[in-house]
Each structure stands twice: as structure tokens, then as C-alpha cells.
Amino acid sequence: MMKINALEEKRLLVWVSIFSLILTVVTLKLKLITTPSWFNGALENNHRLLLDFNFTNNEQSRLFQFYIPELFIRLFKIDIVKAYILQRGLFTFLTFLTFFYFCKRWFNNIQAFICVFLFALVMAFTFKNHLQESAALLSLTFLWTIWLIRDKKDWLFSLVLAIGSINNETILFVPAIYFFYNFDTSKSIFKLCIRTILLALPAFIVVGIIRYINIDRPHLGGAWHFIENLHKLDRLIFIYNVFWILPFIYFKRKNGFLKRSLLTFPLFIIPHLITGIISETRQMLPLGFIIIPASMFTILEIIERRNQKKLLK
């Protein structure tokens, strides 16, 4: 029996890998089509400025987004554009693969495949002609951290959080999910606060040091966009559309992890409304790892209730 199960798992891994690879190729192709800046010299120019620490924040402080392509350039003797394509393709593939197994905890294979497909679809709608090349690794590290929170692997969570913070400071939101998920009125809130702070501290120190090094770099696009973002809320609504609502239907019946995670959304969205550029809808992409499974629970609940009504008839 164990040998049969092991064989089935290997077959599943092969199929998931093929599926993830196909989605990666399609989404990468769409990204290349929608981003002329990759091929008109802008990407190469940005990369050289970043290596010289002569670019704007926040990009200059996102070290992995340009050091990983530089590593690929030196290892494989490829040009800058190919290195960035390799980076995006690799991390996108790993994100799709990981998200499938993340969803497998709750759903069957087909349902988990649907979740991955929906995430890829949302990703495709976020593509614009911008060079925010930390996005792919951000998705992967964000997903890893929430998986480790769900599985209560605290010290691994702290490590991945610190690594992810070298790539993109957006991941510093994730400790809020840790706090909400572990909150228990029967236990000491003070101890939970201390533990959350200690686990998140390495990541905040890393970001603090990097930002201090780049303290003289001007902020890309400015740091205040609240008023203009209020006029573009339709972009925010569009990115997930009805999926903003679905997770909150039959909310009480949701999985505990997803239910607690959904409650943190204002802490993610409001800072982005204030300092982000909401028309860059890719900023909302990490929330898909929570929104999509939560929506799947709602859809399955609706189907089950309809089937029960049919049986009663």
C-alpha cells in the first residue's frame, strides 16, 4: 500500500509540475508582451543603476530582485533580459507548484488545480508595462510564510520572513496573520505579542538596515497616494471582483486559518491605499493565496446546499 501511495504521489508531482510549467510559460509570455520596457533598454539601464546603488527606493532596497539576476548572468553567461526572464519564470513556476500543495490540505486534486488556475488568471490581469521584478519572489515567499504559520513552524516562518524581506518589504505584513491566527482569549495576549515581535524582528532589522543604507535615495513615485487612489478604487475592486465577496459568505463555516487571515485584510489594503499606487494591481496579488481558497470553500458550500435541496425534493 505504501509503495502504491508513493507512486501516486510521484505521478501527481509530475502532473502538477507539467500544469505549473504550462501556466508559467503562458503567464510569462503575457508579461513579455505587455512589458516593452524589458526590450527597449530600460531593464538593462535599471539593472546597472541598481548594481551601482544609484536608483530610487523602494526598488533599490529590494536587493534580491537585482542580485539574483546578476547571479544568473555570472553563472550562465546570459544577458540581462534573459536573466530576468529566468528569475520570473523560476519563481512563478515554484509559486504555482507550492500553491497547489498548499491548497491540497483542504481540497481534492481538481479543486486544488482550479485554485492554481484562478491565481494564474488573476496574475495575468495584473500585468502592465512596469519593471517591478521583485513580484515573483514576493509571491513565493509570502506563500511559504503563511504555509509555515498554518503549520505552526514558527522558527522556519521567522527565517523565511527575513529572507523574503530582503526581496520586498511587503512581506512584513505577514506577522499580522501570525498574530490573528494564534490569538486565543484563553491565553496571554502579551505573550503572543512578544512572540510575534521576536519572530518578526529579524525581518524588520534586515529591512531597517537596508533602508538606512539607502536613506538618501528618493522614493519612486512618492510616498503619498491616498487621494488619487480613492479615485481609482474600481481598479482595486476589479482585480478580484466577486472574489472579494465570496470568502465572507458562510464566513462562520470557514476554515480557522482562512477565517483569521481574512480579518487582516484591512491591515494590508489601507497602507497600500496610502503609500502605494493602486492602479498597479499586482500589489494585491499576495492576498490571492487567501482569497482563492476561501472562495473555493464558499463555492463548495453553495454546491453542497443546492444538492441537499434537490435530495429533499
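Helices α4 and α6 each supply at least two residues of the lining of the largest cavity, and the largest share of that lining, four residues, comes from α4. The model is a predicted one, and a search of the whole structure finds two cavities of 30 Å³ or more.

**Enclosed cavities**

- The largest cavity has a volume of about 110 Å³, and among its 14 lining residues Arg88, Met123, Phe127, Ala135 and Leu285 lie nearest its centre.
- Sorted by class, the lining of the largest cavity comprises six nonpolar, five polar and three charged residues.
- The second largest cavity has a volume of about 40 Å³, and its lining is made up of Ser61, Arg62, Ser165, Ile166, Asn167, Asn168, Glu169, Val207, Ile210 and Arg211.
- Two or more residues of the lining of the second largest cavity come from each of α7 and α9, and by class this lining has three nonpolar, four polar and three charged residues.

**The second largest pocket and Asp154**

- The second largest pocket holds about 250 Å³ of space, and its lining consists of Lys152, Asp154, Tyr178, Asn182, Phe183, Asp184, Lys187, Ser188, Ile189, Lys191, Leu192 and Arg195.
- Helices α8 (174-182) and α9 (189-213) each supply at least two residues of the lining of this second largest pocket, with α9 giving the most, four residues.
- The lining of the second largest pocket divides by class into six charged, four nonpolar and two polar residues.
- Asp154, one of the residues lining this pocket, belongs to helix α7 (residues 154-167) and counts as buried because its relative accessible area of 12% is under the 20% cut-off.
- The side chain of Asp154 forms a polar contact of 2.9 Å with the side chain of Arg195, and, when residues up to four places away in sequence are not counted, Asp154 touches Tyr178, Arg195 and Leu199.
- Although Asp154 and Leu199 are 45 residues apart along the chain, their C-alpha atoms are separated by 7.3 Å.

**Glu133**

- Glu133 is placed in the loop between α5 and α6 (135-150) and is buried, its relative accessible area being 5%.
- The side chains of Glu133 and Arg88 are joined by a polar contact of 3.3 Å, and Arg88 is also among the residues nearest the centre of the largest cavity.
- With neighbours within four places in sequence left aside, Glu133 is in contact with Lys31, Trp38, Gln65, Tyr84, Gln87 and Arg88.

**Nonpolar cores**

- In soluble globular proteins, nonpolar side chains tend to be buried together.
- The largest nonpolar core in this model has 65 residues, and those with the most contacts inside it are Phe99, Ile146, Trp244 and Met284.
- Apart from its neighbours within four places in sequence, Phe99 is in contact with Cys115, Val116, Phe119, Leu143, Gly288, Phe289, Ile292 and Pro293.
- A second, separate core has 20 residues, including Ile68, Val81, Ala83 and Ile210; Ile210 is also one of the residues lining the second largest cavity.

**Backbone details**

- Most residues other than glycine have a negative phi, and most peptide bonds are trans.
- The peptide bond from Asn57 to Asn58 is cis, with omega near 10 degrees; Asn57 is in the loop between α2 and α3, and Asn58 is in the loop between α2 (42-51) and α3 (64-76).
- Asn57 counts as buried at 5% relative accessibility, and its side chain makes a polar contact of 2.6 Å with the side chain of Ser61 while reaching the backbone oxygen of Asn214 at 3.0 Å.
- Phe53, placed in the loop between α2 and α3, has a positive phi of about 50 degrees although it is not a glycine, and with a relative accessible area of 27% it is partly exposed.
- Lys77, in the loop between α3 and α4 (80-104), likewise is not a glycine and has a positive phi, of about 55 degrees; Lys77 is exposed, with a relative accessible area of 71%.

Technical notes:
Residues are numbered from 1 along each chain as its sequence is written. This is a predicted model: local features need pLDDT of at least 70, side-chain atom pairs count only at pLDDT 80 or more; totals for chains, interfaces and linings use all residues. Side-chain values use heavy atoms; hydrogens and water are left out. Buried means under 20% relative accessible area, exposed over 50%, partly exposed in between (1.4 Å probe, protein chains only). Contact means heavy atoms within 4.5 Å. A polar contact is a pair of N or O atoms within 3.5 Å; within protein, one must be able to donate a hydrogen and the other to accept it, and residues adjacent in sequence count only if both atoms are side-chain atoms. A nonpolar core is a set of buried Ala, Val, Leu, Ile, Met, Phe, Trp, Tyr and Cys residues joined through side-chain atoms within 4.5 Å. On a 1 Å grid over the protein atoms alone, a cavity is a set of points where a 1.4 Å probe fits but cannot get out, and a pocket is an open set with protein on both sides within 12 Å along at least five of seven lines; lining residues have an atom within 4 Å of a point. Grid points are joined across faces, edges and corners, and a volume is the space filled by probe spheres set on the points. Ala, Val, Leu, Ile, Met, Phe, Trp, Tyr, Cys and Pro count as nonpolar, Asp, Glu, Lys and Arg as charged, and the others, Gly among them, as polar.
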